[in-house]
Amino acid sequence: MRSPAFYPLVGLIVVTVCMIFASDKFLTPANLENIARQVSINAIIAVGMTCVILTGGIDLSVGPVMALSGTLTAALLVAGVPGPIAIMAGLLLGAAFGIGNGIFVAYLKMPPIIVTLATMGIARGLGLMYTNGYPVSGLPEWFSFFGRGEFLGIQIPILAMVLVYIAAFILLQHTPIGRYIYAIGGNEEAVRLSGVRAPRYKLLVYGISGLTAAVAGLLLTSRLMSGQPNAGVSFELDAIAAVVLGGAAIAGGRGAILGTLVGAMLLGVLNNGLNLMSVSPYVQSVIKGAIILLAIFVSRKHHNR
């Protein structure tokens with residue numbers, strides 16, 4: 001039986017070859033590095049989304065949570081709060097939103113799509129209230145390292161993406177927690193009858209989703225050197241698309257974290273190539289939507305077999 005990442009990888013190769021022939025600027029080192037840097041934000045958010053979807057849930061709040069976490073970090077830095085404390089506050093805020101989602105979904109038995117739709121509005125509203133709708137600027141110069149710096153020749157956002165995926169791979173593939181996450185998505189009732197406390201692991205995956213959104217917010221704020229309360233619009237859709245394109249079953253129980261990375265890369269290559277060809281953003285939305293529908297169709301056919 002082929003890995004869930006097999007078909008997304010084939011799709012990535014096909015799209016990449018098409019873009020190479022379509023634009024002579026695509027294969028340049030600068031453009032490839034640009035793709036990796038742009039993909040890193042969505043790919044990190046998609047890690048948390050993968051964990052949630054594997055349990056049969058969904059998290060629509062990641063975009064506003066990312067913006068709110070980044071904005072809080074920026075505001076604290078501008079106010080003179082020490083860097084480590086400001087950064088930790090932003091990350092904890094993201095995790096807290098995720099845990100809040102988990103409490104409503106896992107313990108109060110509320111539908112994930114309704115809960116996270118509500119917290120999406122709450123997070124966006126809090127960010128706009130806190131800043132009166134204005135970006136937070138005047139950040140210290142050292143903070144740009146996280147979004148623009150390099151370590152051993154690798155840009156920090158790309159390095160952060162790699163580290164997050166390694167951690168997620170170990171968690172999902174090599175720990176009992178990962179096995180419980182897959183099992184909950186496959187048959188939550190059977191997991192409960194086996195004595196496993198399923199709500200505890202649901203709470204965990206939503207906490208991870210909030211935390212990865214906050215990490216992405218930190219990187220984006222550093223790259224822009226500005227806290228943007230309106231950032232992250234439709235990022236939740238891009239994250240879901242990456243997970244689905246990566247071969248995960250939207251109903252839960254099946255998927256692979258490496259497939260999610262391939263799905264995020266596929267979206268990034270597609271976006272970059274269409275921009276290089278000067279394709280209208282409206283047309284790009286139609287193309288991406290059609291590809292996502294095709295991915296869901298192929299995933300369901302593969303699952304039925």
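## Basis and terms

A crossing of two helices is right-handed if the near helix is turned clockwise from the far one by less than a right angle, and left-handed if anticlockwise. Helices here are DSSP runs of H or I with at least four residues, numbered from the N terminus.

This is a predicted model, in which local features need pLDDT of at least 70 and side-chain atom pairs count only at pLDDT 80 or more, while totals for chains, interfaces and linings use all residues. Residues are numbered from 1 along each chain as its sequence is written, and side-chain values use heavy atoms, with hydrogens and water left out.

## H4 against H5

The crossing of H4 and H5 is right-handed. Helix H5 covers residues 112-131, and its axis comes within 10 Å of the H4 axis at roughly 150°. Axes are lines fitted to C-alpha atoms over the stretch in contact, with angles from 0 to 180 degrees between N-to-C directions. H4 and H5 are therefore roughly antiparallel (an angle over 145 degrees).

Contact means heavy atoms within 4.5 Å. H4 contributes Phe97, Asn101, Phe104 and Val105. They meet H5 residues including Pro112, Val115, Ile122 and Leu126. By class, this contact has 8 nonpolar, 3 polar and no charged residues. Ala, Val, Leu, Ile, Met, Phe, Trp, Tyr, Cys and Pro count as nonpolar; Asp, Glu, Lys and Arg count as charged; the others, Gly among them, count as polar.

## H4 against H9

Helix H4 (residues 83-107) also packs with helix H9 (residues 198-224). The angle is about 150°, and the axes are 7 Å apart. This pair is therefore roughly antiparallel too. The crossing of H4 and H9 is right-handed. Their contact has 15 nonpolar, 7 polar and 2 charged residues.

H9 has 27 residues and reaches 39 Å from first C-alpha to last. That is close to the expected 39 Å at 1.5 Å a residue (1.5 Å times one less than the number of residues). Of its 27 residues, 19 are buried, so H9 is largely enclosed by the rest of the structure. Buried means under 20% relative accessible area, exposed over 50%, and partly exposed in between, with a 1.4 Å probe and protein chains only. Just after H9, Met225 takes a positive phi of about 55°.

## Two residues compared

Pro84 lies in H4. It counts as exposed, at 64% relative accessibility. Pro84 and Ile184 are 100 residues apart in sequence and 36 Å apart in space, C-alpha to C-alpha.

Thr73 sits in helix H3 (residues 62-78). Thr73 counts as buried, at 3% relative accessibility. Neighbours within four places in sequence aside, Thr73 is in contact with Ala86, Ile87, Gly90, Phe143 and Leu218.

Key
Helices (H or I, at least four residues) and strands (E, at least two) are DSSP runs, numbered from the N terminus. Angles under 35 degrees count as roughly parallel, over 145 as roughly antiparallel, 65 to 115 as roughly perpendicular and the rest as oblique.
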